[in-house]
Amino acid sequence: MKTEILSQKKFKSAIKRISHEITENIDLEFPLAIVGVRTRGIFLAQRIASNIKHICDIDLLVGELDVTFYRDDLSSEIKRSKLVTKTSIPFSCKGKQLILVDDVLQTGRTIRAALSSLVNFGRPKFLRLAVMVDRGKREFPIKADFVGKNLSLDNKQSIKVLLKEIDGVDGVFSVC
Amino acid sequence: MITKNFAKKDLLSISDLSSEEIIFLLNQTDSFREVNERDIKKVPTLRGKTVVNLFFEASTRTRASFEIAGKRLSADVINLSSTSSSSRKGETLRDTARNIEAMATDVLVVRHPSSGAPEYLGRELSCAVINAGDGCHEHPTQALLDLYTIREHKKEFKDLNVSIVGDIAHSRVARSDIAGLLKLGANVTVCGPSTMIPAKAECLGARVTTNLDDAIRDADVLITLRIQLERGGGLAFPSAREYANTFGINEDRLANANSDLLIMHPGPINRGIEMSPNVADGPFSVILEQVEYGVACRMSILYLLSG
């Protein structure tokens, strides 16, 4: 059973708000880079990047990160069934203001894996986290700096973030 | 329910793999290629795993390739070669392997002069076994990197014309390449002097010719095999010069070849015998790319088999 949490319109304004919040939080004098995690985070990162470019007319670098190699639960089953997608960070993170983007933050383990991976790409000036949905239930001490929507749902419900690029429509749904 | 794209404990041959498993391995290789392009070429996936390279035959590139692949995955890689191993003291293959396994080895990479040795080890040992070349049987990791290299340039295998030239009878590379190419829908031609074409060659599934011009015409890819002088290759033709004149790949023989022909060689090259230096270093040659992709392919295989 699907319940709409964010409509397409509210989804778009949430991304816009996050983009504005980020611009207020950075120093325009220093280079900015945005890295999206795995599939959905990448599209969100691209949208935020294009919003930011529109707002303050700065060029920013966009990267794509697959955290599979750094997962703490990488089993033989997962290795043999899930195809690792290509990480593409064609720039050094050294000295950059880095924004990491993902669709849903829950246990914090994916972000922990992302942080372990990013260490290898150079020392950033700082790293901030932007997520579309924060649904609590942390298992690691990870905090999001920019949040589209805070949700607290019980374990039986799962969150689906839909994106035009993949699903044809934008939105956030909870599914039982 | 997770569907496994790769279900085997060991990688023993290309013939054992389904075309889906081959494609999955090739797709996986892209991510490892990216790791090899980074400044810090390391991912932690095989951290704490032990990979033993057990080579009973000389090898430079395959062993180095597996060693680099394992190390980039953060594995502990040990190299054992037959000259320094206890097989010289008369220890059986089984005992050597069991001793290595007793030291909690996770992956055993084996190259052996006897066909079937890796399969035997795969049955005896519980760790994963990777065939790095057994006798005249198969060299699956070479075939995988050859397939990857071809895919990089030609994109599709269906109806691609691939010619393999050289000592087909004694070449495990040829057998693995033929198996892989046929599974993926390519058309394969094998070419060499009749002394180097095995009996009942048509059973390989490839078109057979002893005429090099015939093999080159219409070919999209040309895989040249090394004349194995150390393996009695010298008995199959009167002299290296005669082989070079009849079957050597040089610019003259390529005069009527397709303009986008890909020239490949598993290495090491006997320059001036099976291939002229101009061709080896020329614009059609992707020989060094094969080596580059070989590391990524082997990383992909170690990643999938290491449990």
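What radius of gyration would a compact globule with 307 residues have, and what does chain B have? A compact globule would have a value near 19 Å; chain B has 19 Å, which agrees. The radius is taken over C-alpha atoms, and the globule rule is 2.2 Å times the number of residues to the power 0.38.

The model is predicted: local features need pLDDT of at least 70, side-chain atom pairs count only at pLDDT 80 or more, and totals for chains, interfaces and linings use all residues. Residues are numbered from 1 along each chain as its sequence is written, while chains are lettered from A and ligands numbered from 1 in the order in which they are written.

The C-alpha trace of chain B spans about 55 × 45 × 35 Å along its principal axes. Its secondary structure comes to 10 helices and 9 strands. These are DSSP runs numbered from the N terminus, with helices (H or I) of at least four residues and strands (E) of at least two. Of the 307 residues of chain B, 48% count as buried. Buried means that 20 or more other C-beta atoms lie within 10 Å of a residue's own; exposed means 12 or fewer, and partly exposed is in between, with C-beta atoms placed from the backbone. Among contacts in chain B between residues at least 6 apart in sequence, 74% join residues at least 24 apart. A contact requires C-beta atoms, placed from the backbone, to lie within 7 Å.

Chain B also touches chain A. The contact takes 20 residues from chain B and 16 residues from chain A. On the side of chain B, helix H1 (19–37) and helix H10 (287–305) are the elements that give two or more residues. H1(B) provides the largest share, 6 residues. By class, this side of chain B has 8 nonpolar, 7 polar and 5 charged residues. Here Ala, Val, Leu, Ile, Met, Phe, Trp, Tyr, Cys and Pro count as nonpolar, Asp, Glu, Lys and Arg as charged, and the others, Gly among them, as polar.

H1(B) and H10(B) also pack on each other. Their angle is about 115°, and their axes are 8 Å apart. Axes are lines fitted to C-alpha atoms, for helices over the stretch in contact, and angles run from 0 to 180 degrees between N-to-C directions. H1(B) is therefore roughly perpendicular to H10(B). Angles of 65 to 115 degrees count as roughly perpendicular, under 35 as roughly parallel, over 145 as roughly antiparallel and the rest as oblique. The crossing is right-handed. A crossing is right-handed if the near helix is turned clockwise from the far one by less than a right angle, and left-handed if anticlockwise. Among the residues that meet are B:Phe32 of H1(B) and B:Met299 of H10(B). The contact divides into 9 nonpolar, 4 polar and 1 charged.

Helices H5 (residues 140–154) and H6 (residues 172–183) of chain B pack at about 50°, with axes 8 Å apart. H5(B) is therefore oblique to H6(B). Their contact includes B:Leu147 of H5(B) and B:Val173 of H6(B).

Some backbone features stand apart. Most residues other than glycine have a negative phi, and most peptide bonds are trans. A cis peptide bond joins B:Gly267 and B:Pro268, with omega about -10°. A:Arg38 has a positive phi near 45° and is found in helix H2 (residues 38–56) of chain A. A:Lys137 has a positive phi of about 60°.

Key: Contact = placed C-beta atoms within 7 Å.
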